[in-house]
Amino acid sequence: METEPSEFERHPGRGRFNAAFFGVMDGYINWLLRKHKTAVYGDLPQTVVEIGSGVGANFRYMQRGTKVIAVEPNPYMHRSLRLAAKRHGIELEIRDVVGERIDLPDSTADTVISSLVLCTVVDPGQVVSEVRRVLRPGGRYSFLEHVAALEGTPTRRVQRMVRRPWAWVFEGCSCERDLETMIRSAGFSSVEMHSYRIHSPFVPFNTQVAGTAVA
C-alpha cells in the first residue's frame with residue numbers, strides 16, 4: 001500500500017533535474033503565463049514572501065530593489081535563484097524550509113506569493129494556513145496554480161494516466177488537487193480567483209487558477 005510522504009524529499013537526482021528543467025524552460029513557461037502573472041503580481045510591495053521561489057521565475061514581475069524572502073527547500077534551486085536575483089536587482093533572503101513550516105513570526109508579511117507550488121507540497125492546506133498566519137490583517141496572498149481538470153474531460157483522463165510518473169519526476173507534483181475550493185475555504189476575508197486553460201505540450205499542467213486572497 002502506497003503512503004503519502006510526510007515531508008519534502010530532498011532527492012539529489014530529481015532536485016538537480018528540476019533546477020535544470022525549470023531554468024531551461026523559464027522563458028517558455030513565462031510566455032504561457034505572463035498575462036495571468038501580470039494580473040495577480042501587479043503592484044507588489046518592496047518586501048515579498050515567496051513560497052517555492054524555484055529558479056526566480058517571478059522576479060521579473062518585481063521592482064528592482066525588492067526584498068524577497070524565498071521559502072525554497074530544494075537546495076539545487078538556490079544557485080539559479082541567486083543568479084536571477086542579481087540579474088533582476090532583487091535583495092534575496094533564502095529560507096531553506098518547507099512551506100508547511102514558514103519560519104516567520106505571525107502577522108508580519110504584507111504580501112505572500114506562489115506559482116505552481118501548491119501542487120507539489122505535501123500538505124497544501126497547511127501551507128495556506130501558514131500563509132494566513134504570517135500575513136498581516138489586510139495582507140494579500142497572490143497565487144497562480146495548476147489544478148485538476150473537470151471530470152470527464154480528456155485532460156482529466158490524461159492527468160489520471162500520468163499521475164505517478166509525473167509526481168515522481170516533478171518532486172511530488174499532483175495534477176489532481178482542487179486548490180480552488182481549498183483556498184476559498186481557508187478563512188480569508190475575501191478571495192478573487194479565475195480559472196483558465198493554457199495550451200502547451202504539458203497537458204496535465206494546462207488547467208489553472210490565478211487570483212488574490214486577502215487576510
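Visitor: Let's start with Ser 53: is Ser 53 buried or exposed?
Guide: This is a predicted model, where local features need pLDDT of at least 70, side-chain atom pairs count only at pLDDT 80 or more, and totals for chains, interfaces and linings use all residues. Residues are numbered from 1 along each chain as its sequence is written, and side-chain values use heavy atoms, with hydrogens and water left out. Buried means under 20% relative accessible area, exposed means over 50%, and partly exposed is in between (1.4 Å probe, protein chains only). Ser 53 has 4% relative accessibility, so Ser 53 counts as buried.

Visitor: Where is Ser 53 found?
Guide: Helices (H or I, at least four residues) and strands (E, at least two) are DSSP runs, numbered from the N terminus. On that numbering, Ser 53 sits in the loop between β1 (47–51) and β2 (67–71).

Visitor: Which side chain does a polar contact join to Ser 53?
Guide: A polar contact is a pair of N or O atoms within 3.5 Å; within protein, one must be able to donate a hydrogen and the other to accept it, and residues adjacent in sequence count only if both atoms are side-chain atoms. At 3.2 Å, the partner of Ser 53 is Glu 50.

Visitor: And leaving aside neighbours within four places in sequence, what is Ser 53 in contact with?
Guide: Contact means heavy atoms within 4.5 Å. With those neighbours within four places set aside, the residues touching Ser 53 are Ala 70, Val 71, Glu 72 and Leu 81.

Visitor: Moving on to rings, how many aromatic pairs are there?
Guide: Rings of Phe, Tyr and Trp (its six-membered ring) pair if their centres lie within 6.5 Å; planes under 30 degrees apart count as stacked, over 60 as edge-to-face and the rest as tilted. By this rule the count of aromatic pairs is 11.

Visitor: Why is the pair of Tyr 141 and Phe 188 stacked?
Guide: The two ring centres are 6.2 Å apart. The pair counts as stacked because the planes of Tyr 141 and Phe 188 are at 20°.

Visitor: How many residues apart in sequence are the parts that this pair ties together?
Guide: Tyr 141 lies in strand β5 (residues 135–146), while Phe 188 lies in the loop between α7 (179–184) and β6 (190–197). Tyr 141 is buried at 1% relative accessibility, and Phe 188 is buried at 10%. The separation in sequence is 47 residues.

Visitor: Which residue lies over the face of Phe 188?
Guide: A charge sits over a ring if NZ of Lys or CZ of Arg is within 6 Å of the ring centre and within 35 degrees of the ring normal. At 5.9 Å from the ring centre of Phe 188, the residue is Arg 132.

Visitor: Which residues join Glu 151 in one salt-bridge network?
Guide: A salt bridge is a side-chain nitrogen of Lys or Arg within 4 Å of a carboxyl oxygen of Asp or Glu. Glu 151 is exposed at 55%, and its side chain meets Arg 156 at 3.5 Å, N to O. Glu 151 also bridges to Arg 160, with the closest N and O atoms 2.9 Å apart. Through shared partners, the network joins Glu 151 with Arg 156, Arg 160, Arg 163 and Glu 176.
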